[in-house]
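Reader: I'd like to learn how to read side-chain features in a model like this one. Could we go through them together, one at a time?

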Amino acid sequence: RLIRRQRQMCIRDRPKPKPEPKPVPKPEPKPEPKPEPKPEPKVGAKQKTLWDIAKVGDVLKYSGANNMTQTWEVTNVDDDNAYVKITIEVSGQKMPPTEQKFPRYFTPTKAEGAKPKADVETKDLGTETLEVSGKKLKCKVTQTTMKMGERTITSKVWTCDEVPGGMVKSMSDAMGSMQVSMELVQFTRGG
């Protein structure tokens, strides 16, 4: 009996086996947020252009290839258009100024069965900050490659929604090497 009792005590006092630890589930990696695609303009819906911010008295001065300067001055703004006087000077020779009107809005339409005349590829190259008249402008950089038969033309454009018309700088390789074709060198806002 004593032996039996000792056995019972040994069994009872024996450490109980520990349960296997449950595996801790690893958290699933969160996918990188994808930038939301820019919605296509709705056909027939009125859309703003970069001329929407134009004010009378805005002056944009551009420097270009072949010692050319262009001065764009906003002379009038109405509900639909911005009116701009453009003065061009090439190597010291001033051309007579011209007046252009730029729509402040457009209404996208769907061209049924339209075939492009050239193969065009557009890439968003991100943003770059350029300084004009002491002001830093955050510009969107876009590259366009156009193939027309045997010829390929690549251009890069820097646009900023703080500048009437948007144009800050453009470059093109139409002659075989990338050249600045137009760059905003002076910008003053009107009242």
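Reader: Let's start with charges: with which residue does Asp-52 form a salt bridge, and how far apart are the closest N and O atoms?

Author: Happy to begin there, with the reminder that this is a predicted model. The general idea is that side chains of opposite charge can pair when their charged atoms come close. Here, Asp-52 pairs with Lys-48, and the closest N and O atoms are 3.6 Å apart. Asp-52 is buried at a relative accessible area of 15%, whereas Lys-48 is exposed at 60%.

Reader: Which residues are linked with Asp-52 in a network of salt bridges?

Author: The network links Lys-48, Asp-52 and Arg-104. Between Arg-104 and Asp-52 the closest N and O atoms are 3.1 Å apart. Arg-104 is buried, with a relative accessible area of 12%. Setting aside neighbours within four places in sequence, Asp-52 is in contact with Arg-104 and Tyr-105.

Reader: How many salt bridges does a search of the whole structure find?

Author: The search finds five. One of them joins Glu-131 and Lys-136, at 3.8 Å from N to O. Glu-131 is exposed, at 54% relative accessible area, and Lys-136 is exposed too, at 61%.

Reader: Now the rings, please. How many aromatic pairs does the structure hold?

Author: A pair of aromatic rings is described by the distance of the centres and the angle of the planes. This structure holds four such pairs. Among them is Trp-51 with Trp-72, a stacked pair with 6.2 Å from centre to centre and 5° between the planes. The pair links distant parts of the chain: Trp-51 is in the loop between strand 1 and strand 2, and Trp-72 is in strand 3, 21 residues apart. Both count as buried, Trp-51 at 9% relative accessibility and Trp-72 at 14%.

Reader: Why does the pair of Trp-51 and Phe-102 count as stacked?

Author: Planes under 30 degrees apart count as stacked. The planes of Trp-51 and Phe-102 are at 15°, with the ring centres 4.5 Å apart, so this pair is stacked. Since Trp-51 lies in the loop between strand 1 and strand 2 and Phe-102 in strand 6, the pair ties together parts that are 51 residues apart in sequence. Phe-102 is buried, as is Trp-51. Ring pairs link Trp-51, Tyr-62, Trp-72 and Phe-102 into a cluster.

Reader: Where does the charged end of Lys-169 sit?

Author: It sits over the ring of Trp-158, 4.8 Å from the ring centre.

Reader: To finish, how many helices and strands does the chain have?

Author: There is one helix, and there are twelve strands. Starting at the N terminus, the order is α-β-β-β-β-β-β-β-β-β-β-β-β. Of the chain's 191 residues, 21% count as buried.

Methods: Residues numbered from 1 in each chain as written. Predicted model: local features only at pLDDT ≥ 70, side-chain atom pairs only at ≥ 80, totals over all residues. Heavy atoms only, no water. Phe/Tyr/Trp six-rings, centres within 6.5 Å; stacked < 30°, edge-to-face > 60°. Helix = DSSP H or I, 4+ residues; strand = E, 2+ residues; numbered from the N terminus. Buried < 20%, exposed > 50% of the residue type's maximum accessible area, 1.4 Å probe, protein only. Lys NZ or Arg CZ within 6 Å of the ring centre and 35° of its normal. Contact = heavy atoms within 4.5 Å. Salt bridge = Lys/Arg side-chain N within 4 Å of Asp/Glu carboxyl O.
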